[in-house]
Amino acid sequence: MNGLACRQTTSVLAGRSQGYVGRCCLPLSRWCSLTSPSPRGVGLNAMTILRLQQVRGKKTRSSMRLEDLPQGPIKMDVPPPPPTPAEDEGPAYPTVVLQARHNMQKFENCVLLTRVGGFYELYFDQAEEYGPMLNLKVAQKKTNAGPVPMAGFPFFQLDRFLKTLVLDLNSYVAIAEEFPNDPGDKIKANGLMHDRRVTRVITPGTLIDENFIDPYANNYVMAVHINHQGNDTSNSAESDTPGKGIVEAEGLAALQANDTPIGLAWIDVSTGQFYTQSTTVTSLGSILSRVGPREVVMDEVFESQSDHQLFSVLAEDKYLITFAPHSEQLPLSEWTPMLESDIPTQTAQDFTPDEVQAGSLLLQYVRDRLQGLSMKLQPPLRYENMSVMAIDKSTMRSLEIKQTIRDGTFRGSLLHAIRRTVTKGGARLLNTWLSAPSTSLETIKARQDLVEYFIQHPDLRDEIVLLLRRSHDSQRLVQKFALGRGDPDDLISLANTIQATQHIVSFLKAAKGQDAFTIDSNDAPEEEQQNSTSGASCFTPLLSRIKLKEPVTLATRIKNSIDEEGLVQQHRDEDSEASHLISLAEDVVASEGARGAESAIPKTTKKKKQAASLRDHYSDDNTAFVMKPDASRGLRSLHAKLSTLLEEKHVLEETLRERFGAASLTLKWTPNLGHVCHVKGTKDLRKLDADDESKTIAVVSSSRSTRAFHAPEWTALGRRIHQTRFEVGVEEQRLFADLRALVVANLVKLRRNAAVLDELDVAASFAKLAAEHGWTRPVLHDTSITSASNITSTSTSTSPIATGTAQHIVLGGRHPTVEAGLREQGRSFTKNDCLLDANPLPSSPSPPSSPPTSPPSSHGRLHLITGPNMAGKSTYLRQNALLVILSQIGSWVPATYASLPVTDAVFSRVGSADNLFADQSTFMVEMLETAAILRAATARSFVIMDEIGRGTTPEDGGAVAFAALHHIVVVNRCRALFATHYHGLADLVEERDMQASRGGAVETYCTDVQEDSAGGFVYIHRLRKGVNRQSHALKVARLAGLPEAAIKVAREVLEKRGRKDNHTGQEEDMELLRNVPAEQQLANA
C-alpha cells in the first residue's frame, strides 16, 4: 500500500473547524469537488500535466576524491542505473524539485513538505493552493524548465503548520526528509549531496507526538468493516454472467438494513491502545460519539456506494473518511509482530470475522501511514468483554457530559466540572470512564475505596498528587520509543517518572503498613462495614500491578548516562540557530512580504538571545554532548583523548600568539574557511604585517580589523579534534540506541505502571472534588444478583427514611454543573430527593386491575413530573441521570445520601433539535430518540424523558406521550423520570389504575410558583407529590421581555377559553403551597 492507494473523501465533513456552508444534499462525488481540502490529482491544467511528464534531472558536474570511490567487485545483482538522457530532450528541473515531483506523484493525495536545509518547502500547485492558507509568500523559482511556484517555512515551525494542515484543513501531509548520500550514491545521483524520501504520512488519526495533539483526550483512528455481497466483484471488470446485477442489488439492499452487523477496530497510535467491537449500523452513531475518532477508514469498495446508510451516520458529525485498499486479510497470527505481546487465546477465539477484518484493514492502514516505523501496540481488547454502561449519542449530548449543547465547549460540561486530575494520562482515563462507566460492582467499589482512603488521609493524598505532578505522560512517552522515535529529553522524562513511581509506591506501602483505617465490625452499622476497608488494603491490587525492578535499573542507567546540562546547552544552540533563521525570515518579509506577513513569525523566538555570528554558532567550542563522559568505557577514553587534544590546542594557540606577536589570535573552525587562525584588532594586524614570518602565511579572509589565515599545525590538530568529536558522537548514538532498546524491552512494565499512576490520579481527583464540595459516597447494589428482600432490609436499616421496596434513593441531590455555576454567582442550589423502585413489580403485561399488591410505601418506578416553565423540571431530570453516571465511575455524588442499583444503560430524551441534513424535523428527531429508548431500555436501565409530544398538536402529542409512558411502565419496566406539560396524562394514569398507591408503578410530583400581593413571584424548585395543572407560561414570557401588548392578548385568549392566569388565581396557588414546609418557602424566597 502506498500513497497512490489511499484516497480521502471529505463528503461528510468539509473540516470540523470549517463547518458546513449550506445544508443541501449532494451526491458523494459532487461533495468531493466542493469541499475537499486536499483534492490531489484532480483539476490539473494542461501545463501541470506537461510538467509532470518531464522526468530528466538537471545537468550537473560533480567531483570527489579517489579514496572515496567504492572499492571491491562489482555487485551484479544490483541493476545498473538508467542511461542519462540526451541533452537535447529539453529543459529540466533542478534535482531537488525533481525529487519533490516524484514524491508528489507517489503520494498524490497528500500535501508534500520537502526538507531543504533549514526549511520545509512546497512546490507547484500545492504552493499556490496552500501558501495563502498558511500565510506564506509564494515565490517563483527560476529553472531551465520555467518558473516553479514555491513556498516555505523554517523547520522549527513544522508543528505550527502541521496543525493548520492536519487539524484545521483535514489534509494528509507527507514529510520528505533529507538523507546524506554516501560516495557511491552521489555518483548515481549525479553528485547530489542528499536524497529526499517520505518518512511519514501524517493524518488526523495517526498523530504520535506532535505538539498540537490534544493531551487530555485519545486520538483514535477507527476502521469500519461490513461483510457485504459483491465484494469480490467490486474491483473486477464487468461480467456478462446473467443475474449479476440482481446479486449486486440484493447485496446493497442487505447492507441498507439497520441491523446489518459491522466490525469496528480503533487504535490510538500515540498510546498504543487497541480495541475492537462487533455492532450494527443502528448503534454506530452512539459508538462514534463515545470513541470520538479523528479519522474513519473504510474499504475502498464502498467509495462507489455513496447512498449507503453508513455514510448518513458519519455525515451527522462530519467525520473524516479515508478509503483504503484491503486486498488481503491479515490473520491474527500476523498481528503479533505489531503487538507488545500475544493476544490471549480466549480473546482471539471471541473475535468475530467482522472484527478481524476491521483490525486487518486498520493495521495495514496505520502501517502504511508510518512508512516503516516499528509498531508495538497493546493487544486488542474486545469492547463486549468490558462491563460498561451504555450511553447513546443523544444522551451524551443532552446531558452535556463532554461538551455543552449550545456552544459545544468544554467549559460547562460535566467533565469540566469534575476534572481535578494533574496528569495528562489521568485526564484521558477520566474521559474514558465518563464515556463508559463500569457496571462491575467489584470494580466500582475498588475505586470508591481508593477515593475514601484519600479523603480520610489528605496528607497522603497531597504527597501522591505532588509526585504525580513530577511525572510525565508515560503512555505516550513509551509509545514514542516503541515507534522508533524519542529523544534524550524523553529519556530524562521517563526516568523522572520512574523515580516518582518509586516514591509513590513507598508512600503506599507505608500507608498500607500503618493500617490506619479500621472499623469495629461489632459496633459499626452494616453500611459502614460495607464501605470500610481494612487499613490501606485498597492499594494492594494496584501495588501488585506495579513492577519496578527493571524500570528502576533503566532509570538509573538513564540518569548516569545523559548529561542534563549538556542537553540544556544543546537546546540553547538549537534556539540560536532558530533565531538566525527567524532573522533571515524577517529580512525577507521586510523586503518582499505582503503587509501583515510579519505576524506569521513567532514572537517568542525573536526575544531569544542570538549568537554573535554564524561562525561562532558553528565553532568547536559550541559543540554540546548529551552523554556523560562516564556513560561507557569507550566514551570515557574518547573524552580523555579529546581533553588532551584541546589542551594541545590551547598550547598551540599560545605558541602562535607569541610567534606572530598577536595577543588576539584565536584558533577557529568555520564551515566555509575550515581551520583558521583569526586575528582581531588593528594593533595586532600591524604587528602581524611587520613580522617577516607572516609574509609566508596563506591569508583566506581579511578586512580592516580582522584577518584569517591557515596554519599547518592548526589544520592537522583541528582535523584530529574533529575526528575525535565525530567518534564521540558515534559512541553517544550507540549508547542512545541501547537506552532506546532497554525502554522497548520494558515496554509492558512501563505501560502497566503508567496505568496505575493514571488510576491514582483519578482517585485523588475524586477525593479532592468530594472534599471541596461535600459530596457523599453512594451505596451501590446489583439487583441482578441480589434478592429484593435482602436489599430492602439493607436499605431500610441504612436509609434515614422508611423505603419499603424503593432501591433508587437520592436524598438532597444536586446538579453538579448547575451548582458550580450558581456557586460562582454567589447563589445556592435547591436540593431534591428522588426515590424510585429499582425492581420490577410482579405484574402482567396488561395494566393491573386487581387490588394493590405492593406495600403502601412504594414510590413507583416512574415519576410523572408537572409544573411551571423554568421551575427546574429538566434540571431535576438531568441531575439524577448524572448522579447515576458519577456513581458508576467511582466518584462521590452531590447528595446527602444515595443508594443506587447498578444501571446497565442511561437514556435521555431532553431538549429539542432538528436534523435538516437528514431531512428530519424537530418532532421526527424526538420520535426517533423515543423509539430508540423504548426498543433498547431494560429493567436495569434509567430513563429520563422531557416534553414528549410537544412538536405536534396537543391531542396527538398527549396520546404519543402517554403511549411512551405506558410502554416504559408495562414493557421496559425500568426506572424513569417523565416530565410533561400535558396535565391530562395524570388523569389517564388514574383511569388505568397505574398509580403507585393503587399497586401501579407511577407516582406524580410537581414544582410550583409562589406569588406575593404585589404581583411578584418566585419559583419553588423543591418537588412535592401531586399534579400542578398550571404552567405559568405568561410569567416566563414577561421575564423574557415579550411586549406587554402581546402578553395582554395572550391573557385575553386564556380568559376566553375559560382559563385564568396566575394573577387571578392566588388563592388556588396558596392552597397548593400549604403542603410546602415554611422553611422551604423562606429558603426559596
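Predicted model: local features only at pLDDT ≥ 70, side-chain atom pairs only at ≥ 80, totals over all residues.

Strand 6, residues 173-180, is joined to strand 7, residues 194-202, by eight bridges, and the two run antiparallel. Strand 6 is also joined to strand 2, residues 111-116, here by four bridges and in parallel.

Now to the protein as a whole. It contains 38 helices and 28 strands. Of its 1085 residues, 49% are buried. The protein exposes about 50,500 Å², of which carbon and sulfur atoms supply 52%. Among contacts between residues at least 6 apart in sequence, 75% join residues at least 24 apart.

Four strands form an open sheet in the order 15-16-18-17, with antiparallel pairing. Strand 15 (666-670) and strand 17 (698-702) each have a single partner strand, so one side of each is left without a neighbour in the sheet. On average, neighbouring strands of this sheet are turned by 35 degrees against each other, direction ignored. Strand 17 is joined to strand 18, residues 706-710, by four antiparallel bridges, and valine 699 stands opposite phenylalanine 709 of strand 18.

Which helix packs on this sheet, touching strand 16 and strand 18? It is helix 26, residues 682-690, whose direction makes about 45 degrees with that of strand 18. Helix 27, residues 712-745, lies across strand 15, strand 16 and strand 18, and runs at about 125 degrees to strand 16.

In soluble globular proteins, nonpolar side chains tend to be buried together. The largest nonpolar core here has 73 residues, and the members touching the most others are Ile418, Phe454, Phe539 and Leu977. Helix 28, residues 747-773, gives the most to this core, with ten residues. Apart from this core lies another, of 43 residues, including Ile492, Ile558, Met627 and Leu685.

What does phenylalanine 454 touch, leaving aside residues up to four places away in sequence? Its contacts are Leu460, Arg461, Ile464, Phe539, Leu760, Ala763, Ala764 and Ala767. Phe539 in that list is itself one of the residues that touch the most other members of the largest core.

Thank you for your attention.

Definitions and conventions
Residues numbered from 1 in each chain as written. Heavy atoms only, no water. Pairing = 2+ DSSP bridges. Buried < 20%, exposed > 50% of the residue type's maximum accessible area, 1.4 Å probe, protein only. Contact = heavy atoms within 4.5 Å. Areas by Shrake-Rupley, 256 points an atom, 1.4 Å probe, with all protein chains shown as cover. Axes fitted to C-alpha atoms, helices over the stretch in contact; angles between N-to-C directions. Core = buried A, V, L, I, M, F, W, Y, C linked by side-chain atoms within 4.5 Å.
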